[in-house]
Amino acid sequence: MIDNFALLLSHGLVLLTCWRLLSRDDLDREPDPAEEAARTEATPPEGIPGPGGWGRRG
Amino acid sequence: MRDLVFLAYLAAIFAMGFRRPFLFVLAYAYIDIVSPQRLSYYLLNSIPISLIAFMLAAGGWLLTDDKTNIRLSVRQVVILLLLAYCGWTTAHADFPLEAATKWSWVWKALIFAVFLPLTLRTRLRIEALSLTMVLCASSIIITGGIKTLLSGGGYGTLNLMVTDNAGLYEGSIISTVAICIIPLILYLSNHGTIFPPDWRTRTFGWGLCFACLLIPIGTEARTGLVCAAILAGMALMRAKRRFLYGALMAFGVIAAIPFLPASFTERMGTISSHQGDESASTRVEVWKWTWDYVKDHPQGGGFDNYLQNKLRYMTTRTVGEGSSVRVERIQVEDHGRAFHSSYFEMLGEQGFVGLSLWLLLNLLTLIRTEGLRRRYRGRVEPHLAWVSPYALAMQQGHIVYLIGSLFVGIAFQPFIFMLIALQIAASSYVGRMEKDANWSPLSRRPALQPASA
């Protein structure tokens with residue numbers, strides 16, 4: 001029972017990880033830093049804290 | 001039934017791998033860590049899934065991956081040298097059959113550690129492998145954590161799904177690894193992009209950290225307690241309100257003691273008085289034997305050469321009850337005891353050359369990761385902000401591993417070599433970014449700005 005719960009939870013999350021990676025272009029190609037910086041300034045990701053906060057620098 | 005579920009599960013991951021070949025790398029890591037063949041009964045045991053996954057991962061990389069600017073780092077070369085040396089000692093081993101058995105998994109772990117950084121070319125890939133490793137380890141840690149909460153566990157009695165006590169399923173090893181990955185879990189729950197930080201990610205992350213802390217209690221592995229104390233110390237060093245958090249931690253530990261199983265507190269009490277404990281006394285004797293052995297065989301005796309040791313030593317035990325309690329000295333004879341230390345494992349099996357290479361690898365890893373942490377501290381650009389916190393998490397985990405290694409023979413643990421590969425990949429990634437974009441982290445100029453601007 002406990003074993004099956006742990007296996008189901010962990011394996012489910014690994015599968016979900018793989019599923020989410022399927023739709024990520026940046027898995028195989030690193031986005032251009034300048035493009036990424038411009039995109040981040042335009043739409044800062046919510047709730048992802050960097051060490052000093054995202055997009056603080058102009 | 002379980003066999004069919006695992007087979008369908010692997011088929012699903014492999015199917016996704018044909019769309020994004022990097023997923024084959026994750027599939028191999030999953031098979032290596034969780035060993036689904038050992039959790040099933042027959043079907044998976046008859047299929048070489050590990051070999052299939054590796055062939056697919058290597059084939060996917062060879063055929064589809066971008067290989068521009070590819071080069072081996074110094075640490076990858078050190079791993080290759082270590083691999084070659086281990087191959088030589090295996091050919092000249094004191095126990096050829098046993099050595100060949102260990103060699104059969106060691107070479108795979110080392111080759112995979114050299115291969116991994118070649119595939120981990122993007123930030124997302126580094127995160128994906130880190131996350132997959134944590135989740136795979138969580139399958140053992142969650143079950144161990146829940147069983148500890150419900151039953152209290154016990155030394156050698158906590159059932160971690162399989163009974164053969166090998167790989168990550170061994171009590172002392174999972175205790176060390178569980179504490180070692182806590183910083184990585186916290187990093188992923190705060191900086192992840194696959195599962196962005198929200199209440200669900202953080203709840204799972206904190207729950208998993210709690211389960212990790214329960215593993216040393218459940219397995220009653222003293223090494224885990226030492227590792228947890230070291231990690232707490234490192235966390236406090238970085239904390240702004242270290243006295244407040246230190247006091248809270250101390251209060252938490254004191255408050256938890258009444259809830260700990262009596263056998264756990266008794267066993268932890270032997271950390272400072274190893275003379276009364278046969279297991280700890282044996283270690284000291286094995287280490288003495290190893291030192292004497294390498295004085296005569298500086299090249300090492302090959303894998304599992306500890307099998308030839310014969311130990312005779314004095315230990316103490318308490319006999320009688322009440323007012324008639326007395327301490328007796330008794331002589332213990334033992335033979336074929338394992339090294340119980342990665343340092344002595346390397347020294348005894350691979351001699352001074354192997355130990356030097358292994359120490360160099362670990363030292364370089366610590367130095368390079370510390371370099372990354374310092375150079376990218378405070379960076380806020382999206383493609384750089386993750387580097388310093390990631391390096392810190394990996395560095396703390398690696399220090400925990402090196403401390404745990406003092407008492408556990410995990411010098412060639414594949415999971416640890418994957419963690420080292422991740423650290424090599426992070427260094428190589430940053431090196432490529434610097435070269436590609438011609439930016440300098442020290443100058444703190446915006447990315448891609450010409451040096452003359």
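Author: Welcome! Let us start with burial: a residue is buried if 20 or more other C-beta atoms lie within 10 Å of its own, exposed if 12 or fewer, and partly exposed in between, with C-beta atoms placed from the backbone. By that rule, 21% of the 58 residues of chain A count as buried.

Reader: Before we go on, what kind of model is this?

Author: This is a predicted model, in which local features need pLDDT of at least 70 and side-chain atom pairs count only at pLDDT 80 or more, while totals for chains, interfaces and linings use all residues. Residues are numbered from 1 along each chain as its sequence is written, and chains are lettered from A and ligands numbered from 1 in the order in which they are written.

Reader: How many helices and strands does chain A have?

Author: Helices (H or I, at least four residues) and strands (E, at least two) are DSSP runs, numbered from the N terminus. Chain A has 2 helices and 0 strands.

Reader: Which strands pair in chain B?

Author: Two strands pair if DSSP finds at least two bridges between them. In chain B, strand 1 (residues 310-319) and strand 2 (residues 326-335) run antiparallel and are joined by 10 bridges. Lys310(B) has His335(B) as its bridge partner in strand 2, and Arg312(B) has Glu333(B). The hairpin has 6 residues between the strands, and Gly320(B) takes a positive phi near 85° there.

Reader: Is strand 2 of chain B covered, or does it lie in the open?

Author: The number of buried residues among the 10 of strand 2 of chain B is 0, so this strand lies largely in the open. Strand 1 of chain B is hardly covered either: its count of buried residues is 0 out of 10.

Reader: How do helix 7 and helix 9 of chain B cross?

Author: Axes are lines fitted to C-alpha atoms, for helices over the stretch in contact, and angles run from 0 to 180 degrees between N-to-C directions. The axes of helix 7 and helix 9 of chain B come within 10 Å and cross at roughly 125°. That makes helix 7 of chain B oblique to helix 9 of chain B. As for the words, angles under 35 degrees count as roughly parallel, over 145 as roughly antiparallel, 65 to 115 as roughly perpendicular and the rest as oblique. Two residues are in contact if their C-beta atoms, placed from the backbone, lie within 7 Å. Here Ser130(B), Leu131(B) and Val134(B) of helix 7 meet Leu184(B), Ile185(B) and Leu188(B) of helix 9.

Reader: At what angle do helix 10 and helix 11 of chain B pack?

Author: Helix 10 and helix 11 of chain B pack at about 150°, and their axes are 7 Å apart. Helix 10 of chain B is therefore roughly antiparallel to helix 11 of chain B. Leu213(B), Ile215(B), Pro216(B) and Thr219(B) of helix 10 meet Gly224(B), Leu225(B) and Ala228(B) of helix 11.

Reader: And how do helix 2 and helix 7 of chain B cross?

Author: Helix 2 (residues 22-34) and helix 7 (residues 123-151) of chain B have axes that come within 9 Å and cross at roughly 25°. These two helices of chain B are therefore roughly parallel to each other. The contact includes Ala29(B) of helix 2 and Ala137(B) of helix 7.

Reader: Which residues have the most contacts inside the largest nonpolar core?

Author: A nonpolar core is a set of buried Ala, Val, Leu, Ile, Met, Phe, Trp, Tyr and Cys residues joined through C-beta atoms within 7 Å. The largest one has 125 residues, and those with the most contacts inside it include Ala29(B), Ala113(B), Ala137(B) and Met418(B). Leaving aside neighbours within four places in sequence, Ala113(B) is in contact with Ile79(B), Phe417(B), Met418(B), Ile420(B) and Ala421(B).

Reader: Is Thr365(B) buried or exposed?

Author: Thr365(B), in helix 15 (residues 342-375) of chain B, counts as buried because it has 22 C-beta neighbours inside 10 Å. Thr365(B) and Arg75(B) are 290 residues apart in sequence, yet 7.7 Å apart in space, C-alpha to C-alpha.
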